[in-house]
Amino acid sequence: MQIFRRDPTAPSLMRPYSFCLSFFFLLTLVFTNAATSQPTQYNISSKNGLPTDNVYNVLVDKYGYLWIATEKGVIKYNGYSLKVFDLSSGLVNDDVWHLTEDRKGRIWLSCISSEMGYIFKDHYHKTVIENPVLPIYPRFNPKNIVDLEHGIAFQTTSAASYGYICVEKNDTISSTLIDIDGNHCLLTKNGDLIIWYDNKVYKTSVTKKPWKLQYLGSHRILLDMGDGQSQGNYFFPHAHLGKRSADSSLFALNWNNFSYNQLPLDTGEFVTMNQYRNGRYYMTTVKNCLILDDSLNVLKKWSHAQLLDDTVVNTKPVTFIEDNLWNRCVTTSGNGIYINFLPRQLKAKEQFDLSGYKYVGSSKAGQNFWWNSNTHSLATISTGKQITKKTLIGIQDVKKIIPYDSSKSVILSDNTLSWYLKNGNTIRFENFFKPAENPRGENIIKSIFLWRDLRAVHDVIITSPSDLILFSFTPGLVHLHLSHDTITARVLSGERLPDLCYIKNENLLAAYDSKNIALYEVSAAGSAFRKRAMYDLSPLKKLEKIHADNHGNIFVQTQDKVFAYYPQQNKYVVLFADYNMGRAKTLVQDNKVIAATRGGLLFCSVSGPLNFGKTVFLPNNKDLLYSKCLGIKKQSETVVITTDKGVYEVPVPADQAKAPNSQPYRLLLHYKDMTRVMGFNDTIYIDQDNTELHFDAINPAGVGTLRFKYKIENVVSSEQDMSSNSLYLPKLNADKYYTFTITAYDDAWKSQPMKIRLYLVPFWWQTQTGKMLIWLLGISGVALVLLSVTYATRQVVLRQQTRKGMEMELKNLRLAFELKSVYSQINPHFIFNTLTTGLYFIKKKKIDEAYQHISSFSDLLRAYIKSSRNKYTSIAEEAENLEHYLKLQLARFEDKFTYTINIDPGIDPDTEKIPSLLLQPLVENAINHGIFHKEGKGKITIDFLRGEDSHSIVCLIDDDGIGRENSKKIKDESNIKETSYGTDLIKNLVDIFNTYEATKITMDYIDKELPLTGTIVKFTITKQ
């Protein structure tokens, strides 16, 4: 390796300067076809979660989940996590060699065990054996499981090799003995049983009993099921049978016409496994994997090396399938399962050993430069794909190399700017530096700017062959003019800007901070520099990088999005909206927008202001090529990239390249017992008592952790992250449709937003018909309550009048109290005002308010009837009655006041009791005489407190009304004299309880002192 040293005849070098900010301009990768030296298949094995490397069979169910049959259980896979069903899940034997899905979605397990079972809704279920006395029990050895209309049917054999046909219906299995060798019969897909015995062939249907044998004819069978069975559970459904012969040919016998088809195989090749799926035969031989149609025509053929990782030796396929969602899945007996993505991953044109190097730029001669900061070595890849490495003396750390002309480039390093000549020599700019002077000959730069004062140069922009603009931390933007062997400097602006880009066609510099973009006009010679405009892009949130093209578009990269902004119209659009753009590396060059993400490479052509072509996506499925993008560089018709797994050069696809937009995926919704693959504008009916939704995504190319975002139109307007795959819906109105949008994403991938409609099913009483019915029932209920109260009152009066003596006097006093209490609560004014308020709501078509108002009134009357029959009531019931009463009064007085009911934590409201109907009259007084006359809104507070001892309860009724004195003045001045039922009633009630009950009640009125207003009524109730 050649080492360059300074020419002693060159001008002396000044002291190197240091840079405090490194500009890490790197490259990324993308794929079109797989190279043999690169992994092109994703392997699932014991190294990443599979319980064993011995995999028998795979199945893709109707939802899209991949089911894997192994010697240590059954695995369900969605592209992210492996759910294992084994002995701990209820399986009797976890050595499962085949899986079958029936039309009900049940996954049946083929294994040797004492029972037959299936997996449904992620739980194992075992069947009931109808006749367990047969000699096949307690062992099942199922093969040829077929899905029939009512259930499944399958073959099994006993220890004596006798055959049995088992039929399942409603989780119950019945079996029938076939008194011949079980290898001389075949159960076909349509439920027909083919039997051959003594060169005679018969057919019957297992779905019809008793069985009736239909003689098909005589034929010398060239094969038996012994050999055939080694080719799979069933190897030629639809009455085809196969056998290997000595000349390596495969014969197929058609049972309908006894005709033979012959499929030539390679020399020494024979079939090891075969399965039928969706009208295709998937056949595995000792050399190849083939797909055949029903007529045994070979549709596709691959060698084992094409389907398996060539770094794994002595690994052969067991079975394989090709699926639109899961591509090609190949199982092995020693290295798990391989997924071959379609189309295959890319093939890089070149790969270079540049471990420890980072891409720093290119030259106009077509060279690419890579820098190793540990060895101070610069690697150069020439157009002939040759690589050379040289150590640069005096260069601490190269941040960027900018092409200048065909003979040299500019090196931007931490300590200096230098010329990098075509022959590999470097010359520092400071050797040519000369401060600029003004027209009067004064040095206007020297006092504020010397070369050593230039620190932390972020970038260099070449505006003309003789003019450069430096973007530095200090002194800011500096214009350099090159003239022969002299460089003069001029400070354009002292602003400190995070980054900028050059719009060449318009001679504009676009600079940005985290919220704004500023455009500066600058001439090529640097003689003119001024700010043209400032644009507020704060809605885009946290700008990280900007680029510009020749059409006036400015491309803004944020944390997770790429925007194209056109300043002249102050408009922007989102590019690559359907992809995960987190930590993307972007590039705008040659009318192309290129973005390198962890999920792959994105290309989009630019044809004008905010005018873009179709996105072409080249995927990096499952991190097969890399897991971290470091940077990207476009050169001619190729893209040079660097990743954590190597450096590559790949061709740029054409604008109309037939590349898939994304890897196929499915979004699933689980709600109650329902599972469905989501589609746009699906409608999901949600019960109000169960608003929990569960989501899942099936993405074979998934990487990292699966997450979801959602929004609900007019409820949750912006996207919200879900903490898990479950979501409890926020409060929604019943009998209404909502647009629900769900987006799935992982560390490298993002789904398109899926929009569905949610409909919250109303209860019967929430429908219009139900509301009208409730209103009618409410009015009828009120009338019935009033009649019941009247009738009950009269009956009580008649019974009380028959009592005599002291007992009669006492009861009469109590009766009088109870009657007065009832009459006070339902006095005509109160009933009239309540019903009038209800009719007002109905007239205004406020059905919900009318329903609530009448319902509260009905509850209050019912509570009063109950309380009038009992001397005591619990504090909880009293608080509930007061709640109903205050709500009714609030409706009447149109929110004239607020209220609070508090219960001391030391009181058990359900067990502690106080005299019935004690507080309501005083609450009524507080509203009518205190709050009603107050200007503005009042407040009532009701407290239930523990007294001085455990036998005492203190009740406080606190209002902030006008007070008793002001209320009395208003009453005296009024011409209408109102009678207060509450005060007299409560006094009588207190006297009766103090006289005849073991209860002591004291009542005190407390008038608040100014500036406070209102009254506090205090009851102390003591049990003796």
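Lys121 is found in the loop between strand S8 (117–120) and strand S9 (123–126). Although Lys121 is not a glycine, its phi is positive, at about 55°. This value, like the others in this report, comes from a predicted model.

A further backbone feature concerns a proline. Leu1010 and Pro1011 are joined by a cis peptide bond, with omega at about 10°. Pro1011 belongs to the loop that runs between strand S73 (999–1007) and strand S74 (1015–1023).

The report now turns to empty space. Rolling a probe the size of a water molecule over the atoms shows where such space is left. The structure contains 6 cavities of 30 Å³ or more. The volume of the largest cavity is about 140 Å³, while the largest pocket holds about 1400 Å³ of space. The linings are set out by residue class below.

The largest pocket has a lining of 42 residues, of which Pro403, Tyr502, Val588, Gln589 and Lys633 lie nearest the centre. The elements that each give two or more residues to this pocket lining are strands: S30 (358–362), S34 (398–405), S39 (455–464), S43 (499–503), S47 (545–548), S51 (585–589) and S56 (629–635).

The last topic is a pair of helices. Helix H7 spans residues 875–893 and helix H8 spans residues 920–931; their axes come within 11 Å and cross at roughly 25°. Because angles under 35 degrees count as roughly parallel, H7 is roughly parallel to H8. The crossing of these two helices is right-handed.

Which residues of H7 and H8 meet? From H7 come Glu878, Leu882, Tyr885, Leu886, Gln889, Arg892 and Phe893, and from H8 come Gln920, Val923, Glu924, Ile927 and Asn928. Sorted by class, the contact of H7 with H8 has 6 nonpolar, 3 polar and 3 charged residues.

Note on methods
Residues numbered from 1 in each chain as written. Predicted model: local features only at pLDDT ≥ 70, side-chain atom pairs only at ≥ 80, totals over all residues. Heavy atoms only, no water. Axes fitted to C-alpha atoms, helices over the stretch in contact; angles between N-to-C directions. Helix = DSSP H or I, 4+ residues; strand = E, 2+ residues; numbered from the N terminus. Parallel < 35°, antiparallel > 145°, perpendicular 65-115°, else oblique. Left-handed = near helix turned anticlockwise from the far one by under 90°. Contact = heavy atoms within 4.5 Å. Nonpolar A, V, L, I, M, F, W, Y, C, P; charged D, E, K, R; others polar. 1 Å grid on protein atoms, 1.4 Å probe; cavity = no way out; pocket = protein on both sides within 12 Å on 5 of 7 lines; lining within 4 Å. Points joined across faces, edges and corners; volume = space filled by probe spheres on them.
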